[in-house]
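User: I would like to learn how to read contacts, helix packing and an interface in a model of this kind. Could you take me through some features one at a time?

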Number of protein chains: 2
Amino acid sequence: MEIGDDEDREPRTDYEGMCHGVRDEDGRAVRDVLDRIGDKWSLLVIGTLAGGRLRFTELQRHIPGVSQRMLTLTLRHLERDGLVSRTVHAEVPPRVEYDLTPTGRTLIAPSVALASWAIESYPAIEASRAAYDAAR
Amino acid sequence: MEIGDDEDREPRTDYEGMCHGVRDEDGRAVRDVLDRIGDKWSLLVIGTLAGGRLRFTELQRHIPGVSQRMLTLTLRHLERDGLVSRTVHAEVPPRVEYDLTPTGRTLIAPSVALASWAIESYPAIEASRAAYDAAR
DNA sequence: CGGGATCCTACTCGATACTG
DNA sequence: CAGTATCGAGTAGGATCCCG
């Protein structure tokens, strides 16, 4: 039995189905994807590769602060998920190139949307934080 | 503002500016925002509150698996960032209601975009993972 | 009912060193 | 060049107890 507050429930903005009310299956998908792209480097890698195919070291240079280990791990995860392709050229010295897969490219649009929101909303967020902290 | 509307951006892979090449200031914003909404519960809370104002316990029931502690922490963070409002009604027993702020509501659209991508791409991702794991 | 205060574990991530 | 291996610190997050 649900404790129903029938008061004035909003007329159900069709956003409702985003993360819940979608019966687990989709909830898991969202959670799972968020665990991947929500980590520290994945989105940066996606964003960088959106500019074109790059080698390991180039990638590392484009993403300040990323360690060798984390870049490797991130790339492996993305490769496993089929979002990034890894091409090894049989040469010396070795050359490995990373690129977005077609699936990976479809992630760019929503990522850009989120990034844009972040950039646009950041001043408001910072202001809110300052106000919140000052109020204590 | 619609998602994916590119306004007056350079046609140069125009995704390029997402996370890098934007001179730190924006990179910090993206990273900072991602650290918040990329955590385990924030997006779930946003998505749930998108359906309308809710009390603490209702929120907890709508989000399976969230602990009291984490729900509290998540809500505090979102409140501090000005994305969620907290209203305490002076009654016994106490009644506290949470809702999205106007700023918080602007996050719904990009979040839905990302969630939709997750749901649509999940079959492909799972397949890719299975193939990747099988190949080793 | 809606939390705050503690304790504890598991995992993330960074630094460093080594390799084909 | 493009990794792998190992170690250690920090922290996210769960469980539990208590309180107004």
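User: Leaving aside neighbours within four places in sequence, which residues is B:Glu79 in contact with?

Analyst: In this predicted model, B:Glu79, which lies in helix 4 of chain B, is in contact with A:Ser128 and A:Tyr132 from chain A and with B:Val84 and B:Arg86 from chain B, once its neighbours within four places in sequence are set aside. As for B:Arg55, its C-alpha is 14 Å from that of B:Glu79, and the two residues are 24 apart in sequence.

User: How should I read the packing of helix 6 of chain A and helix 4 of chain B?

Analyst: Two packed helices are described by the angle between their axes together with the distance between those axes. Here helix 6 of chain A, residues 108-134, packs with helix 4 of chain B at about 110°, and the axes are 8 Å apart. Angles from 65 to 115 degrees count as roughly perpendicular, and helix 6 of chain A and helix 4 of chain B are therefore roughly perpendicular to each other. The contact is made by A:Ser128, A:Arg129, A:Tyr132 and A:Asp133 on the chain A helix and by B:Arg76, B:Glu79 and B:Arg80 on the chain B helix; by class, that gives one nonpolar, one polar and five charged residues.

User: How many residues does each chain bring to the contact, and what area do the chains bury between them?

Analyst: The size of an interface is often given as the accessible area lost when the parts come together. For chain B and chain A the buried area is about 6,200 Å², with 64% of it on carbon and sulfur atoms, and the contact takes 65 residues from chain B and 63 residues from chain A. The rule finds eight salt bridges across this interface, and 18 residue pairs are in polar contact between the chains, both residues being at pLDDT 80 or more. On the side of chain B that touches chain A, the largest share, 18 residues, comes from helix 6 of chain B, and the residues of that side divide into 30 nonpolar, 14 polar and 21 charged.

User: Which salt bridges would you look at?

Analyst: A:Asp133 forms a salt bridge with B:Arg80, the closest N and O atoms being 2.4 Å apart. Within chain A, A:Arg53 forms a salt bridge with A:Glu97, with 3.1 Å between the closest N and O atoms. A:Arg53 lies in the loop between helix 2 and strand 1 of chain A and A:Glu97 in strand 3 of chain A, so this pair ties together parts 44 residues apart in sequence.

User: Where is A:Pro93 placed, and what kind of peptide bond joins A:Val92 to it?

Analyst: Most peptide bonds are trans. The bond joining A:Val92 and A:Pro93, however, is cis, with omega about -5°, and A:Pro93 sits in the loop between strand 2 and strand 3 of chain A. In chain B, a cis peptide bond joins B:Val92 and B:Pro93, with omega about -5°, and B:Pro93 is placed in the loop between strand 2 and strand 3 of chain B.

Technical notes:
Residues are numbered from 1 along each chain as its sequence is written. Chains are lettered from A and ligands numbered from 1 in the order in which they are written. This is a predicted model: local features need pLDDT of at least 70, side-chain atom pairs count only at pLDDT 80 or more; totals for chains, interfaces and linings use all residues. Side-chain values use heavy atoms; hydrogens and water are left out. Contact means heavy atoms within 4.5 Å. Buried area is the accessible area (1.4 Å probe) that two parts lose on being put together, summed over both. A salt bridge is a side-chain nitrogen of Lys or Arg within 4 Å of a carboxyl oxygen of Asp or Glu. A polar contact is a pair of N or O atoms within 3.5 Å; within protein, one must be able to donate a hydrogen and the other to accept it, and residues adjacent in sequence count only if both atoms are side-chain atoms. Helices (H or I, at least four residues) and strands (E, at least two) are DSSP runs, numbered from the N terminus. Ala, Val, Leu, Ile, Met, Phe, Trp, Tyr, Cys and Pro count as nonpolar, Asp, Glu, Lys and Arg as charged, and the others, Gly among them, as polar. Axes are lines fitted to C-alpha atoms, for helices over the stretch in contact, and angles run from 0 to 180 degrees between N-to-C directions. Angles under 35 degrees count as roughly parallel, over 145 as roughly antiparallel, 65 to 115 as roughly perpendicular and the rest as oblique.
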